Amino acid sequence: MNLNKMQPATEPILGVNSLCKSFLGVKALNDIHFELNKGEVHALLGENGAGKSTFMKILIGLLKADSGSIYFKGEPIENLDVHAIIQKGISMIHQEILMIPELSVAQNIFLAKEVNRAFFIDEQVINQKTETLLRSMGIDIEVSEKAKNLSIAQLQLVEIAKAVSNEAKVIIMDEPSSALSELEVELLFKIIADLKSKGVSIIYISHKMDEIFQIADRITILRDGKYIATKNTKDLDKSGLISLMVGREIKELFTAKELPESEVILKVENLNKKGRFSNINFEVHSGEVLGIAGLMGAGRTEIARAIYGLDNFDSGEIRLKGKKISIKSPKDAIAEGIGYVSEDRKGLGFIPELSVKQNISLSSISAYSKAFLIDKKEEQKAVKQIAEELQIKASNLNKKVKYLSGGNQQKVVIARVLLAKPALVILDEPSRGIDIGAKHEIYKLIRQLTEKGLAVLLISSELPEILGMSDRIVVLSKGKQKITLTQKEASQEKIMHYALH
Amino acid sequence: MRYINKLRHYGIFIVFLAICINLSLISPQFLTISNWTIIITQVSINALLAFGVTFVIITGGIDLSLGSIVAVSGVTAAMLAHPNTYPLIVPILAALFAGLLIGAFNGFMITKSKIAPFIVTLGTMTIGRGLALILSDGRPVSNLSDSFVFIGSGKLLGLPILILILVIMFIICSVILNKTTLGRYIYALGGNEQAARASGIMVTRVKMMVYSISGVLAGLAGILLTSRITTGQPNAGAGFELDAIAAVVIGGTSTSGGKGSIGGTMIGVLLIGVINNSLDLLNVSSYYQQVVMGLIIIGAVVLDSLNQKSNY
């Protein structure tokens with residue numbers, strides 16, 4: 001530690017200027033400014049998709065910025081890779097833990113910086129050093145325990161210890177308390193206070209307002225990839241913070257409408273899955289868009305996956321048009337008339353090596369087959385029609401889907417789902433990662449589909465999208481259904497309020 | 001550029017043609033009908049195994065039990081094919097059934113236990129070999145009926161029966177892969193298993209089918225081999241699976257799944273056959289032939305991966 005060469009308090013240890021980053025033409029970060037003082041806990045806040053993760057990935061060297069500069073102790077670091085940045089003294093505690101399961105706590109902490117004696121790793125020294133380190137931080141974990149036997153909370157503490165052992169001057173914590181019990185959170189805060197007193201700076205990312213007000217010195221807010229403000233925590237209250245996070249004018253992108261009473265298509269009753277969601281109840285009517293809002297980890301996708309038969313659930317009933325249905329696989333769901341457009345387009349959406357046509361017909365190919373043989377003319381006809389309706393810009397239906405843009409890939413997935421003639425479609429983050437033009441087309445399409453009587457379950461992290469498209473909105477928080485708002489009642493502040501509690 | 005991309009698609013076929021043209025210039029015997037009859041007859045058994053394992057590899061799996069299935073079905077057929085016992089159809093059906101059974105067992109274990117196909121089929125490879133030895137008591141089963149031996153050595157319409165069977169199986173397998181829903185599901189499953197499941201495909205059923213098809217084709221190969229060598233050998237077929245996999249890989253089927261064709265596999269099989277044949281014609285020692293074959297396998301995959309990269 002070079003406490004002797006301490007810089008003047010006014011000089012930030014880390015400074016970020018005009019940082020920009022685009023993915024496939026979509027601006028993920030636009031002109032970001034940020035500074036971090038020595039010994040400061042600085043919270044970074046923003047909705048899902050505000051650009052926090054991208055920003056942090058650039059800081060730690062996992063991504064390269066398109067433009068802008070990052071200074072660490074007055075030295076530019078924007079061109080360094082992860083390894084060099086860790087060497088400089090910036091460490092990140094990732095949300096997903098990166099430990100080697102078969103190695104011990106001590107071996108993990110000293111990974112890639114083992115202490116050797118005559119070609120052999122000196123396990124004793126490593127264990128002793130780890131023991132001292134953990135005790136000094138007040139962490140009570142056996143140093144020889146294998147990482148695979150630790151709880152997520154314990155792993156997180158070990159990650160922090162590892163950052164400390166790297167003599168990190170800046171530690172980035174991404175939702176560190178999400179897996180911790182109250183007692184463990186207390187320990188975490190004690191560790192943070194301790195680090196602070198030693199001059200270590202912390203960037204703290206969290207959705208939990210109470211925590212932020214408890215430990216942060218300053219707060220920087222991002223929204224839609226833009227820098228909004230940096231405030232002293234003591235100058236802010238909760239509602240002020242929420243309005244900074246969501247406070248954008250709602251453009252007239254969307255046109256929700258008043259809905260006459262119509263047939264109930266989907267009815268979910270008392271759906272439970274341990275540790276994921278509990279006591280979920282809602283209905284989706286013909287021609288209605290029911291929005292599901294909530295933060296990451298609120299259980300939105302888990303509910304969708306359970307309804308579609310991708311995962312099982314513990315208890316509860318699903319009724320389609322009044323009939324109780326039992327869905328064991330997506331095949332059953334499709335046969336019953338449920339379609340699902342996943343948030344994970346690459347993982348669950350399309351088959352990259354198959355053509356546009358083959359992808360679109362995949363869920364309904366048996367309808368175009370006679371005695372196991374595919375009637376390729378019928379297939380072509382059906383696919384061509386739906387592709388035209390969705391304005392899929394594949395000059396050639398025989399092009400492989402992997403060569404299309406994100407927006408067109410998404411349309412291919414939607415076309416596949418629609419071709420199976422569903423009564424209900426679940427759209428999970430349908431506009432994620434696609435450009436604004438394609439977004440509008442998808443909104444228009446949702447509108448057209450509901451006019452034809454289709455029921456839509458819309459899951460989205462973008463509040464304006466869910467507010468603008470939904471007739472009613474269910475707000476989830478930590479797997480629980482908090483409230484159902486009508487179009488008229490709903491506002492960004494209200495949704496955020498329920499989603500955060 | 002598009003033209004070049006098209007050409008790449010037929011890369012291995014062009015290599016194959018180039019080798020054939022070269023050989024016909026070096027050796028006048030090469031392009032004769034009798035020489036080609038020999039080549040195709042020699043590769044027919046490997047071709048059947050390679051067709052089956054093409055299905056498996058397109059789904060992203062592997063089948064190492066093929067050689068052992070050949071032995072089990074061959075011994076089974078031979079035991080039921082003694083003169084003046086059962087009609088010809090009995091040993092044939094029994095041998096095919098034996099292949100189906102082992103293939104279905106592979107599929108069942110892979111889908112139910114979630115153990116990697118490599119491990120499961122490695123296990124059945126050993127189990128199959130043991131079964132063949134148990135059935136035959138470790139001895140070759142000879143004294144086969146004339147009609148059974150006729151399958152492997154006779155001619156119909158002027159063509160060896162082996163070649164006729166090969167052509168029929170080639171057509172059936174191509175149709176399954178290109179024109180049926182099962183074929184479409186096989187490519188989808190290999191391309192992205194999770195997305196295939198989310199699209200409503202019964203992944204388990206497709207995998208069962210694929211390993212069963214592979215087993216039946218290996219069963220058929222066992223019948224043909226036994227008929228050709230006129231004995232049921234419990235030690236027959238050892239290592240055949242590797243030749244079959246080599247042909248599939250040379251034919252451009254990706255071992256990570258989602259891509260490949262029966263046509264490509266046929267080219268792979270013929271390429272192996274032609275090279276062995278020509279090295280024979282040129283009096284190259286069989287020791288060198290193995291080295292050449294290994295280099296060709298690696299070369300084909302390198303060629304393929306280079307194409308992949310330049311596509312991006």
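Guide: Thr230(B) is a place to begin: with 16 other C-beta atoms within 10 Å, Thr230(B) is partly exposed. The cut-offs are 20 or more other C-beta atoms within 10 Å for buried, 12 or fewer for exposed, and partly exposed in between, with C-beta atoms placed from the backbone.

Visitor: Before we go on, what kind of model is it, and how is it numbered?

Guide: This is a predicted model, in which local features need pLDDT of at least 70, side-chain atom pairs count only at pLDDT 80 or more, and totals for chains, interfaces and linings use all residues. Residues are numbered from 1 along each chain as its sequence is written, while chains are lettered from A and ligands numbered from 1 in the order in which they are written.

Visitor: Back to Thr230(B). Where is Thr230(B) found?

Guide: Thr230(B) sits in the loop between α11 and α12 (240-250) of chain B. Its phi is positive, about 55 degrees, although Thr230(B) is not a glycine. Most residues other than glycine have a negative phi.

Visitor: Which residue of chain A has a positive phi although it is not a glycine?

Guide: Phe372(A) has one, of about 75 degrees. Phe372(A) is in the loop between β19 (369-370) and β20 of chain A. Phe372(A) counts as partly exposed because it has 13 C-beta neighbours inside 10 Å.

Visitor: And where does a glycine take a positive phi?

Guide: Gly275(A) does, near 80 degrees, in the hairpin of β13(A) and β14(A), which has three residues between the strands. Strands β13 (residues 264-273) and β14 (residues 277-285) of chain A pair in the antiparallel sense over six bridges; two strands pair if DSSP finds at least two bridges between them.

Visitor: What stands opposite Val268(A) there?

Guide: Phe282(A) in β14(A).

Visitor: How many helices and strands are there in chain B?

Guide: Chain B has 14 helices and two strands, and chain A has 17 helices and 24 strands. Helices (H or I, at least four residues) and strands (E, at least two) are DSSP runs, numbered from the N terminus.

Visitor: What about the dimensions of chain B?

Guide: The C-alpha trace of chain B spans about 65 × 55 × 35 Å along its principal axes. A compact globule of 312 residues would have a radius of gyration near 20 Å, and chain B agrees, with 20 Å. The radius is taken over C-alpha atoms, and the globule rule is 2.2 Å times the number of residues to the power 0.38. For chain A, with 501 residues, the rule gives a value near 23 Å; chain A has 25 Å, which agrees.

Visitor: How much of each chain is buried?

Guide: In chain B, 46% of the 312 residues count as buried; in chain A, 43% of the 501 residues do.

Visitor: Which residues touch the most other members of the largest nonpolar core?

Guide: Ile171(A), Leu457(A), Leu458(A), Leu49(B) and Ala221(B), in a core of 225 residues. Helix α11 (residues 203-229) of chain B gives the largest share, 13 residues. A nonpolar core is a set of buried Ala, Val, Leu, Ile, Met, Phe, Trp, Tyr and Cys residues joined through C-beta atoms within 7 Å.

Visitor: What is Leu457(A) in contact with?

Guide: Beyond its neighbours within four places in sequence, the contacts of Leu457(A) include Val284(A), Leu290(A) and Ile426(A). Contact means that the two C-beta atoms, placed from the backbone, lie within 7 Å.

Visitor: Is Lys411(A) buried or exposed?

Guide: Lys411(A) is buried, because it has 26 other C-beta atoms within 10 Å. Lys411(A) lies in helix α14 (residues 406-419) of chain A. Neighbours within four places in sequence aside, Lys411(A) is in contact with Leu390(A) and Ile392(A).

Visitor: Last topic, the contact between the chains. How many residues come from chain A and from chain B?

Guide: Chain A gives 24 residues and chain B gives 19 residues. On the chain A side, α10 (330-336), α11 (345-349) and β20 (373-374) each supply at least two residues. By class, that side has 14 nonpolar, seven polar and three charged residues. Ala, Val, Leu, Ile, Met, Phe, Trp, Tyr, Cys and Pro count as nonpolar, Asp, Glu, Lys and Arg as charged, and the others, Gly among them, as polar.
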